[in-house]
Amino acid sequence: MTDTDFLQADEQALAQRFIDNGFVTTPADDRAGLDRIQRRAAELAADYLKLPHSNDPYAMLDSIHTRVSVDDLNGLRLHVFNGLNAEAWFRPTYFRLARSTIETIVGNELCMQRRVNLSIQMPGDSSSLLATHSDVWSGDSPFEVVVWVPLVDVHHTKAMYLLPPSLNGDMQDRMADLRSAEELYKTIKPHATFIEIPYGHVMLFNQTLMHGNRVNEEPGTRWSMNCRFKSIMSPYADKRFGEFFEPILLRPATRVGMQYKLPGGFHG
């Protein structure tokens, strides 16, 4: 008997896809919530650029490179990032976009990153590159997953790339012989996959795998958000509980157990 014997057939299939491929994509559980996030991001971008709010938030975001310079891009990104994270409804809504998948892959007693990240990558912009890396190399726990959500269609160089689990270990072993992140990318390039995700879908990926992005050679701007989730009881690394993560779901039996004290005042 294995743990999958206790899962429904669709949960087993989803779990196996995640293990085999290192990621899963699925339609958002809360499409209305995703549309609300997209619309608010477009409104915040318009406010920063002193433009009227658009009736077509997708087009506004996808064509933002026609309205902002590379030099002002980070100012725009920070304005939208701070504006979204200041909304009380934003993080609960973000969680609901992928709740069923998170609970299948991670569990249902969860911590969530305190602030949801935002990336904007305009066509031809080399200032927004994220070199090949694994998040665990910089203080993340291998027990985390990333929920990655595009606000526009992403494909080819407008997307991110990911190295398959079957090759990740071997490629890590070869890193000592490489002199730069660019050499590392050239080594993994034949095996890495740019993940196509249409707007309206979300991705969960294994952030222990090497991933990154390249110069966007597509005609539209990539807008994507990412946020880490983990089981509240699983081990932490440098990014700690209460500092980087906060609990969002804790079941009553766990709350009782955490608060219980044995006679004499000792915790059970």
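Here is a short chat about reading the nonpolar cores and salt bridges in this predicted model.

Me: Let's start inside. Which residues have the most contacts within the largest nonpolar core?

Reply: The general idea comes first: in soluble globular proteins, nonpolar side chains tend to be buried together. Here the largest such core holds 61 residues, and Tyr94, Trp223 and Met225 have the most contacts inside it. Helix H2, residues 31–48, gives the most to this core, with seven residues.

Me: Okay, on to charges. How many salt bridges does the structure hold?

Reply: Again, the idea first: side chains of opposite charge can pair when their charged atoms come close. This structure has 14 salt bridges. Take Arg31 and Asp35, whose side chains meet at 3.0 Å, N to O. Both sit in helix H2, four residues apart, which is about one turn of the helix.

Me: Are Arg31 and Asp35 buried, partly exposed or exposed?

Reply: Buried would need under 20% relative accessible area, and exposed over 50%. Arg31 has 41% relative accessibility, so it counts as partly exposed. Asp35 is at 26%, so Asp35 counts as partly exposed too.

Me: Which parts does the salt bridge between Arg114 and Glu246 tie together?

Reply: For this pair, the closest N and O atoms are 3.5 Å apart. Arg114 lies in the loop between strands S2 and S3, while Glu246 is in strand S10, so the pair ties together parts that are 132 residues apart in sequence. Arg114 is partly exposed at 38%, and Glu246 is partly exposed at 24%.

Me: Where do Glu182 and Arg214 lie?

Reply: Glu182 is in helix H8, and Arg214 is in the loop between strands S8 and S9, so their pairing ties together parts 32 residues apart in sequence. Their closest N and O atoms are 3.0 Å apart in this salt bridge. Both count as partly exposed, with Glu182 at 36% and Arg214 at 22%.

Me: Which residues do salt bridges with shared partners join into one network?

Reply: Look for Asp135, Asp140, Glu144, Arg228 and Lys239: salt bridges that share partners link them into one network.

Methods: Residues numbered from 1 in each chain as written. Predicted model: local features only at pLDDT ≥ 70, side-chain atom pairs only at ≥ 80, totals over all residues. Heavy atoms only, no water. Core = buried A, V, L, I, M, F, W, Y, C linked by side-chain atoms within 4.5 Å. Buried < 20%, exposed > 50% of the residue type's maximum accessible area, 1.4 Å probe, protein only. Helix = DSSP H or I, 4+ residues; strand = E, 2+ residues; numbered from the N terminus. Salt bridge = Lys/Arg side-chain N within 4 Å of Asp/Glu carboxyl O.
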